[in-house]
Amino acid sequence: MTQKIDFKFLLGFSELFPKEKPHSPFQYYLQQLPKYFILDICAELLAIFPNDLVFSDDKNFIKYFFKISPSLCLKLFGQIKYPITPGLHPTYIIGNHFAVLRIAEYAATMHDTVPGFEISYETGRLEFLKSLAVINEEIRQKDDYLEDISEDLNERERYALALISNSIAYHDILNFDYAGQILCGIYRAKQLFSFFKDHQDSKIDTSGLLSRFLNRHGMDNPADFLNDLLYLLTFIPFHEGNKNLAFKISDNSNQERNRKFLEEFVLKDNLEYDPIFDDFPTLRSRPLYKTAPDTYKILCGAFLIQKVFKGLYFSIRDVLSSYKYETKKIREIQLNSFRQMFTEEFSEKYLLHNIIEEIYGQKYIRFSDKNLAINGAPDYYFRSGNTLFLFESKDFLLKATIKQSYKPNEVLSELRKSLYVSGDKPKAAKQLANSIKKIINSDWKFDKGLKNPSNIKIYPIIIIHDSSYDVPGLSYWVNNWFNTELEGINRVKIKPVLLIPIDALIKLIPLLKGTQPHQFSELLENYIEKQKDSNDILTFSSYLASSDKNKKKENEYYRKTIKSIAII
């Protein structure tokens, strides 16, 4: 059965300006525009949610973009040359966050315009639109990725792979849950600071590293750092219509500390633009810019929120890198050890264990790979009666060049190495399959209460730590690999592999805390059914977001989390 995909056509330069010859690259149309004129437009557009009416079609975008120039709107409407698409009725669109981010990344590296230089509203915005239209043409060329999918795959496999390739490059930007990401970011940051205080590592002095990190920011404890983050995050728009992104530092006793803290996020002069790299490194590291003394504007709220947690890794790593080492080799070894400690010890173990234990406490049968000390043991084993939850926790990264390549076969190959098998080393899906076989065959004796393994209902779960991989189609491929490993085994009580982002698990804390495990299994069963109905397109995060049941408890939990910062 052929899958139906909503057809949207991205209008480029040839459609919007059919009588003009386009100039490439897109920077050509920006060269005569003032830097902060461009940044202000980018900040304005990036404050609008991707699903807003403004981005819904070409007419709404033009009406919004040239709202104080109706005559120019009419002129543009009259000159658009729509493509001929026999038998299809596409929605034509112009505005998109990716193109705006490309422009913002370039503008962030521009030199300031000579004082006194002015440009008219119409001329400036028209040149901006032409630049955006050139980028749209480039995006359309990349969208021919379907031709690159291997002919050896069946239709269902090709469809799932097309979904992955089309989504994975910028999923973390275009599907951003502002309030939820703040909650999860603050929760993870609190856990990270606790980990650094408690963790004993033979290679890295985590407690000393944390002290140096705080000293760099002029702070004595983690609560000060998180409170300053919260102060900054209060200026992000969380609902449609809130477009006031400029804010001024309050005149209070913390003014100097706030000023110093904000400088870590503000665009600097003399930054270099790399046209090859489309992951927006400048904007991700510095998503604010100054408009006047002590007055700032948010360029990209999504990137600002991501710095709550993702930025912590790089900031602390930078402190470690600044230590004096005898050789570059020793520095490299230390930084690699830090990465390994962060992903394996903190993300995959400490954080996952603490979340599950916050929900269920010390009840039920549970083991971690640490206290099992068995080769190939799951990251977490949790059983209540005849219901078993098996967790594999994976904090992995794909290179930005792979994610943004729009080359499906390369993307799938790299995901396979992280989630199925790398060389002869089993990963995620294969690890879960191996664990299930050992359980069914009674090879593992650590769970003394498991009398009849053949009657156990098993939920295999992969926890992913980066929202970039929470994309439609990936679940299908992971289960493809998983099923290959379990051929010939009675699957009646073995559920499909569930990909659950760590942030989704954090959001489940207020819903599941103090409940019985059967409520978790009922929630998973409901998701499994809905996922089947969607042909494996529905991700767990999307399923969770579609339910209002969790909102009230989530908001209350959010308030408690904020209040608890002072007692870290």
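**Figure 1. Surroundings of Ile93 in the predicted model.** With a relative accessibility of 14%, Ile93 falls under the 20% limit and therefore counts as buried in this predicted model. The residue belongs to strand S2, which covers residues 91–93. Although Ile93 and Leu11 are 82 residues apart along the chain, their C-alpha atoms are separated by 6.0 Å. When neighbours within four places in sequence are left aside, Ile93 is in contact with Lys8, Phe9, Leu10 and Leu11, and also with Phe55, Ser56, Asp57 and Asp58.

**Figure 2. Ser167 in helix H7.** Helix H7 comprises residues 155–167, and Ser167 lies in this helix. The relative accessible area of Ser167 is 19%, and the residue is buried. Residues up to four places away in sequence not being counted, Ser167 touches Val471 and Pro472.

**Figure 3. Contact of helices H9 and H10.** The view shows helix H9, residues 178–198, with helix H10, residues 206–216. Their axes come within 6 Å and cross at roughly 130°. From H9, the residues Phe193, Phe196 and Lys197 take part in the contact; they meet Thr206, Ser207, Leu209, Leu210 and Phe213 in H10. Sorted by class, the contact of H9 with H10 has five nonpolar residues, two polar residues and one charged residue.

**Figure 4. Hairpin of strands S4 and S5.** Strand S4 (residues 288–292) and strand S5 (residues 295–298) run antiparallel and are joined by four bridges. Leu288 stands opposite Ile298 in S5. Two residues lie between the strands of this hairpin, in which Asp294 takes a positive phi near 65°.

**Figure 5. The aromatic pair of Phe396 and Tyr469.** A search of the whole structure finds 48 aromatic pairs. In the pair of Phe396 and Tyr469, the ring centres are 4.5 Å apart and the planes lie at 25°, so the pair is stacked. The pair links distant parts of the chain, its two residues being 73 residues apart. Phe396 is in the loop between strand S8 (387–394) and helix H17 (400–403). Tyr469 is in the loop between strand S11 (457–464) and helix H20 (474–485). Phe396 is buried, with a relative accessible area of 11%; Tyr469 is also buried, with a relative accessible area of 1%.

**Figure 6. An aromatic cluster.** One aromatic cluster is formed by Phe195, Phe196, Tyr313, Phe314, Phe338, Phe342, Phe346 and Tyr350. Among its members is Phe196, a residue of H9 that also takes part in the contact with H10.

**Figure 7. The open sheet of strands S6, S7, S8, S11 and S12.** Strands of a sheet pair through backbone hydrogen bonds, either parallel or antiparallel. Here five strands form an open sheet with mixed pairing, in the order S6-S7-S8-S11-S12. Strand S6 (365–368) and strand S12 (498–501) stand at the edges. Each of these edge strands has a single partner strand, so one side of each is left without a neighbour in the sheet. From one strand to the next, the twist averages 20°.

**Figure 8. Pairing of strands S11 and S12.** S11 and S12 run parallel, and four bridges join them. Ile463 has Ile500 in S12 as its bridge partner.

Notes:
Residues are numbered from 1 along each chain as its sequence is written. This is a predicted model: local features need pLDDT of at least 70, side-chain atom pairs count only at pLDDT 80 or more; totals for chains, interfaces and linings use all residues. Side-chain values use heavy atoms; hydrogens and water are left out. Axes are lines fitted to C-alpha atoms, for helices over the stretch in contact, and angles run from 0 to 180 degrees between N-to-C directions. Contact means heavy atoms within 4.5 Å. Ala, Val, Leu, Ile, Met, Phe, Trp, Tyr, Cys and Pro count as nonpolar, Asp, Glu, Lys and Arg as charged, and the others, Gly among them, as polar. Two strands pair if DSSP finds at least two bridges between them. Buried means under 20% relative accessible area, exposed over 50%, partly exposed in between (1.4 Å probe, protein chains only). Rings of Phe, Tyr and Trp (its six-membered ring) pair if their centres lie within 6.5 Å; planes under 30 degrees apart count as stacked, over 60 as edge-to-face and the rest as tilted.
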